[in-house]
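Welcome, and please open the model in your viewer. We will walk through it one selection at a time.

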Amino acid sequence: MKGAIFYSSKYGSTAQYASWTAEATGLPVFDAIDGNEDPSNYDFLVLGSPIIYFRLSIRKWLKKHWTEIRQKPILFYSVSGSAAGKKLDNWISKSLPQEAISKMYFVNLMGRQIPEELTLFDGTMLQIAGFFNPDREAGRQESKGFDFMDKSSIEPIVQWVHEIEAKIEVA
Ligand SMILES: Cc1cc2nc3c(=O)[nH]c(=O)nc-3n(C[C@H](O)[C@H](O)[C@H](O)COP(=O)(O)O)c2cc1C
């Protein structure tokens, strides 16, 4: 009985959370987009993805694999600049099939955005978005960047993994 972590990450923060979780749980970790590991080989899954331009970047991978993994216990962690709340829930529900939303267990983590690391396109888009955002605090974050990375925020993921492992052992 085994689980695995699959993530997508554009600038590394979702990957960082994946490797902290791997370290804490002993689960293997795979890049969903660049790798070709098959998620159907595992009994339970931890999936992670950032929100990039109002959508989860892993959404196509998840749709492609959904039929093979839909019966498994799945924890999904999102990584974003926005904190948990209605706005984030709305972006998540627009990225994933309704069935996936109702079956998966969600954890929302806060990420990191370093302006110097962005591609020219992303940097320009975020400067423009930051300038026009009516929510001035969010706008400042978009243009100046932020770092909300927090190793202790993976605790609910680690706990979920331990609970699933205990249940699977009993079954
Ligand atoms: C191009 C770009 C677009 C983003 N769009 C959003 C967004 O729509 N909503 C949000 O809450 N955060 C947004 N963010 C913040 C990211 O979710 C955050 O930086 C995250 O940590 C990135 O994950 P990664 O390092 O794994 O790629 C965006 C960041 C970038 C670079």
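Into which domains is the protein chain divided? Select residues 3-111 together with 155-170 for domain 1, then residues 115-147 for domain 2; these bounds come from an automatic or database domain assignment. The C-alpha centres of domain 1 and domain 2 lie 25 Å apart.

Before going on, a word about what you are looking at. This is a predicted model, in which local features need pLDDT of at least 70 and side-chain atom pairs count only at pLDDT 80 or more, while totals for chains, interfaces and linings use all residues. Residues are numbered from 1 along each chain as its sequence is written.

**The whole chain**

Switch to a cartoon view. You will find seven helices and eight strands in the protein chain; helices (H or I, at least four residues) and strands (E, at least two) are DSSP runs, numbered from the N terminus. Along the principal axes, the C-alpha atoms fill a box of roughly 55 × 30 × 30 Å.

**The ligand**

Now select the ligand and what surrounds it. How many residues surround the ligand? There are 21, and the closest are S9, S13, T14, P50 and G111; a residue counts as near if its C-beta atom, placed from the backbone, lies within 6 Å. Colour α1 (13-25), β3 (44-52), β5 (74-80), β7 (112-113) and α5 (120-132), the elements that each give two or more residues to this shell. Strand β3 gives the most, with three residues.

Next, colour the shell by class: nine residues are nonpolar, nine polar and three charged. Here Ala, Val, Leu, Ile, Met, Phe, Trp, Tyr, Cys and Pro count as nonpolar, Asp, Glu, Lys and Arg as charged, and the others, Gly among them, as polar. Both domain 1 and domain 2 give at least three residues to the shell.

**A stop at Q113**

Select Q113, which lies in strand β7. Is Q113 buried or exposed? Q113 counts as buried because it has 21 C-beta neighbours inside 10 Å. Leaving aside neighbours within four places in sequence, Q113 is in contact with G81, G145 and F146, where contact means C-beta atoms, placed from the backbone, within 7 Å. Finally, draw a line from Q113 to P73: the two are 40 residues apart in sequence and 31 Å apart in space, C-alpha to C-alpha.

Note on methods:
Buried ≥ 20, exposed ≤ 12 C-beta atoms within 10 Å, placed from the backbone. Contact = placed C-beta atoms within 7 Å.
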